[in-house]
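Work through the exercises below with the structure open. Try each task before you read its solution.

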Amino acid sequence: MRSERKKKKIIVVVGPTASGKSALAVTLARKFCGEVISADSRQVYKGLNVGTGKITKKEMRRVPHHLLDVAYPKKQFTAADYEKLARAKISEIFARGRLPIICGGTGHYIDAALGRVQIPDVPPNPALRKKLEKKSAPELFALLKTLNKHRAETIDSHNPRRLVRAIEIALADADKSVLSASGGPPHSIRIEWPRPHPSFSERLAFVRSLNVVWLGITLPPAELKKKISMRLFARIRRYKMIEEARRLHKRGLSWKRMESLGLEYRYLSRYLRGYMTKVEMIEKLQTEIYLYAKRQMTWFKRNKEIQWFLPSQKKQIFDMLEHEGL
RNA sequence: GCGCCGGUCGUAUAGCGGCAAUUACAGGAGACUGUAAAUCUCCCGACCGUUGGUCUACGCUGGUUCGAGUCCAGCCCGGCGCA
């Protein structure tokens with residue numbers, strides 16, 4: 001395709017936790033004059049360092065890294081925030097004439113930034129959510145059915161979080177319909193799912209201007225398990241992960257918030273509150289982190305464009321990138 | 001040696017005459033439309049023609065019964081108590 005030539009190249013490095021993505025991204029950045037854009041839903045927060053396995057200054061080896069420490073953990077960062085920031089960073093890096101390398105394990109964020117998932121432009125409505133969260137899944141599902149039959153057909157009717165969000169969107173659409181019904185053209189009353197995004201064409205143009213090279217990096221299950229376990233011990237003994245969690249709580253990060261952050265912070269908070277012993281926490285974390293790695297893989301497996309490698313296959317990776325014109 | 005309690009799907013647990021057998025964890029597969037390290041679903045004895053069928057199974061061996069993980073007897077193993 002002739003238009004492919006005009007498209008700007010960008011590398012995306014994905015893979016489960018502990019597969020060795022970050023180091024590879026640094027290597028690639030050094031080789032191709034690139035800058036790394038992190039794609040990690042927890043590393044965006046300031047102060048969440050050891051527990052998230054955030055790359056250190058030294059490990060960056062002078063390669064610029066973006067979208068780390070861009071939010072405070074007390075506030076909620078979302079996929080929509082990530083989408084905006086990541087696109088701005090990509091443009092910035094292109095402007096410098098360098099190669100953007102997105103690297104991270106949060107598939108949903110990457111796909112939002114690159115237009116593989118569409119995020120409706122309806123901001124969260126905390127008051128509404130608070131009310132809806134009291135209802136059971138069947139109740140929420142029944143409500144959604146009255147608001148948007150089409151959406152109710154495809155949604156997971158057991159998942160309260162998804163149902164609340166779908167209702168939030170449906171109500172926002174309904175409000176707009178009422179507004180346009182009183183002034184706008186009569187046929188704009190009914191807005192079906194998927195609702196058109198205001199800046200849809202703009203986003204599409206952005207995504208179309210990119211030539212994304214998808215690079216996946218993973219390990220056989222047994223090896224991944226072992227790496228997760230070893231890394232966990234290092235975080236505790238060497239990097240003082242427990243102390244980090246204690247400090248975060250002292251500085252005002254609530255147990256509830258830590259609980260909602262998941263994995264290390266969730267079980268660290270349970271240990272620090274005395275709900276479990278240190279040994280129980282470590283054992284639980286080993287399996288939970290591995291389960292998380294599997295969930296990540298489930299997400300990535302859907303993207304058939306990803307070319308998979310083992311971390312040791314440096315040569316094959318470089319050959320592939322060369323073949324892609326880098 | 002005697003007495004009591006217990007041996008069930010990888011582990012832990014339920015079951016007290018109709019059971020391929022509860023629940024949890026682990027294991028496997030998957031979903032994902034501004035919480036995504038979150039949230040949610042399914043499978044998990046074997047085999048087959050898989051909204052069904054067959055076989056093998058609750059420490060072992062017999063017995064009672066139309067029918068036994070469940071009742072009885074003996075044996076083996078583990079825990080506790082008395083020696």
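The UniProt record, an unreviewed entry, puts a "binding site" at Gly-15, Pro-16, Thr-17, Ala-18, Ser-19, Gly-20, Lys-21 and Ser-22. The model used here is predicted.

**Exercise 1.** Locate Pro-16, then decide: is Pro-16 buried or exposed?

*Solution.*
Step 1. Find the loop between strand 1 (8-14) and helix 2 (21-32); Pro-16 sits there.
Step 2. Count the other C-beta atoms within 10 Å of Pro-16: there are 25.
Step 3. The cut-off for buried is 20 or more. Pro-16 is therefore buried.
Step 4. List the contacts, skipping residues up to four places away in sequence. Pro-16 touches Gly-105, Thr-218, Leu-224, Ala-293, Gln-296 and Met-297.

**Exercise 2.** Do the analysis for Thr-17: is Thr-17 buried or exposed?

*Solution.*
Step 1. Thr-17 also lies in the loop between strand 1 and helix 2.
Step 2. Thr-17 has 20 other C-beta atoms within 10 Å, so Thr-17 is buried.
Step 3. Leave aside neighbours within four places in sequence. Thr-17 then contacts Gly-105, Ile-289, Tyr-292, Ala-293 and Gln-296.

**Exercise 3.** Describe the surface near RNA strand B. Which element gives the largest share of it?

*Solution.*
Step 1. RNA strand B is surrounded by 52 residues, and Ser-41, Thr-52, Ala-80, His-108 and Gly-262 are the closest.
Step 2. Two or more residues each come from helix 4 (79-95), helix 9 (160-183), helix 13 (255-261), helix 14 (263-272) and helix 15 (278-301).
Step 3. Helix 15 gives the largest share, nine residues.
Step 4. Sort this surface by residue class: 20 nonpolar, 18 polar and 14 charged.

Key:
Residues numbered from 1 in each chain as written. Chains lettered and ligands numbered in written order. Predicted model: local features only at pLDDT ≥ 70, side-chain atom pairs only at ≥ 80, totals over all residues. UniProt positions renumbered as here; feature names shortened; annotations may be inferred. Helix = DSSP H or I, 4+ residues; strand = E, 2+ residues; numbered from the N terminus. Buried ≥ 20, exposed ≤ 12 C-beta atoms within 10 Å, placed from the backbone. Contact = placed C-beta atoms within 7 Å. Near = placed C-beta within 6 Å. Nonpolar A, V, L, I, M, F, W, Y, C, P; charged D, E, K, R; others polar.
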